[in-house]
Number of protein chains: 4
Amino acid sequence: MPGNTFGHMLRLTTFGESHGQSIGGILDGVPPGLHLCEADLQKELDLRKPGQGATSTSRVEADIVHIQSGLFEGMTTGTPIAFLIANTNQHSKDYDNLAKVFRPGHADYTYFQKYLGIRDHRGGGRASGRETAARVAAGAIAAKMLAGIGVEIMAASVELGGIPVDQENCDLSGALARPYFAASDQVIELWDQAVYEARKAQDTLGGVVQIEAKHVPAGLGEPVFDKLSAMLGHGLLSVGAVKGIEFGDGFTSARRRGSQNNDLLLAADTPGGSVRFASNHAGGILGGISSGQDIVIRCAVKPIASVPRPQKTVDISGNACEITISGRHDLSAIPRIVPVLKAMTSLVLADAWLMQQAICSSL
Amino acid sequence: MPGNTFGHMLRLTTFGESHGQSIGGILDGVPPGLHLCEADLQKELDLRKPGQGATSTSRVEADIVHIQSGLFEGMTTGTPIAFLIANTNQHSKDYDNLAKVFRPGHADYTYFQKYLGIRDHRGGGRASGRETAARVAAGAIAAKMLAGIGVEIMAASVELGGIPVDQENCDLSGALARPYFAASDQVIELWDQAVYEARKAQDTLGGVVQIEAKHVPAGLGEPVFDKLSAMLGHGLLSVGAVKGIEFGDGFTSARRRGSQNNDLLLAADTPGGSVRFASNHAGGILGGISSGQDIVIRCAVKPIASVPRPQKTVDISGNACEITISGRHDLSAIPRIVPVLKAMTSLVLADAWLMQQAICSSL
Amino acid sequence: MPGNTFGHMLRLTTFGESHGQSIGGILDGVPPGLHLCEADLQKELDLRKPGQGATSTSRVEADIVHIQSGLFEGMTTGTPIAFLIANTNQHSKDYDNLAKVFRPGHADYTYFQKYLGIRDHRGGGRASGRETAARVAAGAIAAKMLAGIGVEIMAASVELGGIPVDQENCDLSGALARPYFAASDQVIELWDQAVYEARKAQDTLGGVVQIEAKHVPAGLGEPVFDKLSAMLGHGLLSVGAVKGIEFGDGFTSARRRGSQNNDLLLAADTPGGSVRFASNHAGGILGGISSGQDIVIRCAVKPIASVPRPQKTVDISGNACEITISGRHDLSAIPRIVPVLKAMTSLVLADAWLMQQAICSSL
Amino acid sequence: MPGNTFGHMLRLTTFGESHGQSIGGILDGVPPGLHLCEADLQKELDLRKPGQGATSTSRVEADIVHIQSGLFEGMTTGTPIAFLIANTNQHSKDYDNLAKVFRPGHADYTYFQKYLGIRDHRGGGRASGRETAARVAAGAIAAKMLAGIGVEIMAASVELGGIPVDQENCDLSGALARPYFAASDQVIELWDQAVYEARKAQDTLGGVVQIEAKHVPAGLGEPVFDKLSAMLGHGLLSVGAVKGIEFGDGFTSARRRGSQNNDLLLAADTPGGSVRFASNHAGGILGGISSGQDIVIRCAVKPIASVPRPQKTVDISGNACEITISGRHDLSAIPRIVPVLKAMTSLVLADAWLMQQAICSSL
């Protein structure tokens, strides 16, 4: 209930503040017999660290993950997998001026209200984007579960500073090799330019991330309240900077007629093959349940709130004041949010798959 | 877990198929002492019935709600409130041709896959939009809980068939008095025309619904995974036709710079008053927790999949065929979805408020 | 959370007060393809109605169950199964004197405290034993799920009024054919005599119920907090009159030495057969997980609190007074509680089995 | 769902195997503003370590706890509290012979069945009693929450090796100062003798633990399925060695008549005071909800399964064999289980109290 646990049969519980001892989590429900090692988690965590393009902080976040439990002789045992990431590079002093002032666009004011004035202000405390490292570590395990049944999840930046990648040029499979984890080479120069200008203007940028899951079996997602889209929405909207989400053609679908938006079903092209679809406007989810088509999601990512210039605000006594945020901050959540959103997608799909097993195997 | 329950401290469990005996639900967690009667629920249900604009089906759905439990002498007792709505006007024969064919854009194929070929095809069974009546009934109770602390929730259609209401002309408070529950009088004629043309073209329309919650106390929503936006996203995306959602400026925020997107905090304008904000780009949620500003949400609603003309599809044996959907169908989920989305918003906010009570009162 | 839902993958939510419109519930998570009809539920409900031995009330509780959803052409569809039992024979007048007085041994005082003075006092309201009818109806569905994998659950009265059945004479399989659902014919006369004397003395009796589950597959139950014994304990202790529970030899085990209490493992007696055990002191559960042996549980059932003679108590203003409970009451919860405890056992085991499917089928 | 999380509003998730890196947990839902430090947890952990009487292992388990998160300037912040206890003194070699043989009375066979043959056999892995250290650490936090509202929880050994403390001599408040955490000085010599004889006989002992909670506010516990007794039963029966539980007079109540068993209500003895009860046969819980009387629970603790002498068993191939368990083992779970059972009681009561706040403060 208190909000730090996610999932049904596959459950992630996380902990940790930006400037505490460590952050980490417990992933419960991983079936026994999955080959797993720390390097599987570390590889994904390394994608989240600063340095993938021009937008990142100069903070060095080593983020070395240590697994505490749930493995034996290189395999999962079915018991909870706990993992820790030590906090090693905190400059708490950078945040001293934030103890008594609310940063605009941050959770400072709302945490103050929620927790009756008590909060760890250093680096944003629990509200820091740093908590997403735990999601990435756990998501790596979920992705490995899914890989075992052939599901592949990819994510890429498809818009930065208002400059989109054309949908027809989107190539998510090559994104990890590109700066910004961009979905296309064609935008790199434009994005570099946008970042340069924003930095010069002491400002920050937002963007859009696209996620695709391929070879998801049909039948995942639960009816009515726990539709696959609802669970994915829950998971992805729980990532701090995400302010919008759409499935398949999303808001564009809302402007279409039904005859344009329906994905017609076609007979399999080989005997005994799967039903095919003439299009994928629905983004792989029909009635809240996966159809076997690619799942396609886009997330709106707001610009980083920590703009490096003076802003008007109030202090904890309610008096007007001005704040200039120092510290070391990213210029955009793009691209570091990309592996985070991929991780949340993995967690949701692996959870839905486990739940479907109970149905599949009970007849 | 199996997906027909929603909420934490305030929990709604629903049941029912389109052509079964009845639909309904159990709302558990309503505190004792709330004045409540069937008319409170019926009033909201009446807003969902056909006839609010030109888009609706000619089906007459009386949808009379009967409360079974949880009330004593006109007040809630703290025990579960069960309610039933009989299914009275089913024309199951209209659906006979659907037993062996998958309708494009519907859940027929995915339910078939999920439940191993077993499904109640009549009227869409459990996947029918009819299940939303139970949400509306329960949402009316949640709304009454919230009204007791001054929270007011409004919803309106802000786009139909690609024709939007200008944001500056949006007046949600008057929507229930307008056709289509439109957010402005200015679009009514245009929407009538769009509906006329779509009907002539044997086609259907999508749209956008905006929801606003006023006077929500600051501090609602749980950190990390159960952010208020994540819970609202879960609830709203669980409504069948919703393919996208945005909070505050949403996808537009993704195109802004941080300095434009941050909502600056201002001192209260009266001694002892609340902090104010210079703008509300965030839609009333910061770091996943309510800020005390209006909560603003927009939902993309796809066009009705039941287009009244021949469509290519396959049958349950996988053979190509053609289907022409008869039956009585809405031309758009707008406006009947409006009270449904309002109901889901009410359920999430009332739940978040109950959870916050445990924190507020424990110090 | 608010307490009217039970189970994880198989979830029962119930509603209803003793003198409300109806009682009932929603069972969510039943897999598709189970043959089921109302008679399956009614048969178990009929075992709960008055008249199985001399202890019962003269109330006639028809308790006719009506399924509302989740079935199609005689089979479950995987969607929630809602069922209703109308309240038809209430004599609310019998309870008028209870509106302002707390009955000793009942929940009157504690509900009054919990719900801030608001309660439906008629017949005990939600705290009435009447709510157990919904458990029995749902348990019948769970039992049918289990029967499909060969699991058989039996329950019987093994003690009444301090007169036990000798363990060596226990025959649970024949209990439903005996008065009191007794585990042996040998006690019937003694129990008749005890009931006669208690009635003469205007008093009531308690007893002990034994439950056995045969052919439960090894491996059910989740480690640490959701051990099978913990889940069974949760379910069985949630039945009103149950004040104690023991698994296998239970409190007797606590008095033994380890060498006496361990169940030694033996090789299968046929090639490829299952491991056997030399004894079953553990009651079929080791480390919280089923071993494949019979699960054996005993529940202590307190005497009915509604004794038909004057008792000292206080009224809702806290003033001392005397109460004489009229109305029509059982002399013992034995035997009507027997099918209730069987139902709870069925629900827990079916839930544990569904959860285990996710693990079994994921490798 | 997977079983390593406990509680509703106050949720404990634990991890760790006997011979892994560390064990620990995350306690989520602790309200902000509670003064807390590692010493609060360490003090309770020290009560669990070997050496409280003659029954303990010669293993030295330092069990030093380290809090990772959720505290700021000596106070809880409302965010999850993670804690770790390193595993430092493992002799994994002692367990090498257990990799392929099932120990009688342990979870070896059932884990093998559940997890499809995959398990960490060293020291019992996840099924080791070592996991209870995490419960004790978390329980210390819950106890501190409860102390803030005046609730005091005590536990003591009331029976060892079949030698009980007379109920009238029970003094739980002095137990921590006595060997075996005994409820009375009168049994110490007898228990020493019983332990001496059991050790000589290469055998182990069981016993009974009594728990009392004083000054619990009336109104805790949720109706129907989450009765306070059901939640306590769930928590206490989830502790490995517990095979039975009773509330108040428990199994003795089952042998009484109603007139003997009802606790009559009496007027307050001072104006404005609380209602009193003439007795406490119910153990402080009526209809599943706390009455304000002392909560009284007794748990049956089976003898330690690791008897230090040859036992018949089978290996993982199903062949008959003999096992002699070496390693360092307690002779009884008494008294080390005492702080564990106290901890589980604290967790349940603190959780129930948080849930009740939502009701209390919502009117």
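## Backbone and interfaces

A:Pro335 sits in the loop between strand E18 (320–323) and helix H8 (337–360) of chain A. The peptide bond that joins A:Ile334 to A:Pro335 is cis, with omega about 5°. In chain B, the bond between B:Ile334 and B:Pro335 is also cis, and omega there is about 10°. B:Pro335 is placed in the loop between strand E18 (320–323) and helix H8 (337–360) of chain B.

A further backbone feature is found in chain D. D:Tyr180 has a phi near 60°, which is a positive value in a residue other than glycine. The residue belongs to the loop between strand E9 (163–164) and helix H4 (188–200) of chain D. Most residues other than glycine have a negative phi, and most peptide bonds are trans.

**Confidence**

The model is predicted. For the complex, the predictor gives an ipTM of 0.96 and a pTM of 0.97. Chain A has a mean pLDDT of 94, and 95% of its residues reach 70 or more. Where pLDDT is low, the predicted coordinates should not be read in detail.

**Domains of chain A**

Chain A is divided into domain 1 (5–248 + 283–362) and domain 2 (249–282). The C-alpha centres of domain 1 of chain A and domain 2 of chain A are 30 Å apart. Contact between them involves 13 residues of domain 1 of chain A and nine residues of domain 2 of chain A.

Which kinds of polar pairing occur between domain 1 of chain A and domain 2 of chain A: salt bridges or polar contacts? The count of salt bridges between domain 1 of chain A and domain 2 of chain A is zero, while 10 residue pairs are in polar contact across that interface (both at pLDDT 80 or more). On the side of domain 1 of chain A that touches domain 2 of chain A, the elements giving two or more residues are strand E11 (242–247), strand E14 (285–286) and strand E16 (295–301) of chain A. E11(A) provides the largest share of that side, three residues. By class, the side of domain 1 of chain A that touches domain 2 of chain A has five nonpolar, five polar and three charged residues.

**Interfaces of chain C**

The size of an interface is often given as the accessible area lost when the parts come together.

| Parts | Buried area | Share on carbon and sulfur atoms |
|---|---|---|
| Domain 1 of chain A and domain 2 of chain A | about 750 Å² | 46% |
| Chain C and chain B | about 3400 Å² | 66% |
| Chain C and chain D | about 8500 Å² | 64% |

Between chain C and chain B, 42 residues of chain C are in contact with 42 residues of chain B. C:Gln68, C:Phe72 and C:Ile118 supply 17% of the area that chain C buries against chain B, more than any other three residues. Strand E2 (11–15), strand E3 (22–28), strand E6 (75–76) and strand E7 (81–86) of chain C are the elements that give two or more residues to the side of chain C that touches chain B. That side of chain C is made up of 14 nonpolar, 21 polar and seven charged residues.

Toward chain D, 107 residues of chain C are in contact with 107 residues of chain D.

How many salt bridges lie between chain C and chain D? The count is four salt bridges between chain C and chain D. A salt bridge joins the side chains of D:Glu159 and C:Arg255, at 2.6 Å from N to O. Polar contacts across the interface of chain C and chain D number 46 residue pairs (both at pLDDT 80 or more). Helix H5 (residues 228–237) of chain C gives the most to the side of chain C that touches chain D, with six residues. By class, that side has 53 nonpolar, 34 polar and 20 charged residues.

**A salt bridge within chain A**

Over all chains, the structure holds 72 salt bridges. A:Arg48 forms a salt bridge with A:Asp63, with the closest N and O atoms 3.2 Å apart. A:Arg48 lies in helix H1 (residues 38–48) of chain A and A:Asp63 in the loop between H1 and strand E4 (65–67) of chain A, so the pair ties together parts that are 15 residues apart in sequence.

Key:
Residues numbered from 1 in each chain as written. Chains lettered and ligands numbered in written order. Heavy atoms only, no water. pLDDT = per-residue confidence, 0-100. Domains from an automatic or database assignment. Contact = heavy atoms within 4.5 Å. Buried area = accessible area lost by both parts, 1.4 Å probe. Polar contact = N/O pair within 3.5 Å; in protein donor to acceptor, adjacent residues only side chain to side chain. Helix = DSSP H or I, 4+ residues; strand = E, 2+ residues; numbered from the N terminus. Nonpolar A, V, L, I, M, F, W, Y, C, P; charged D, E, K, R; others polar.
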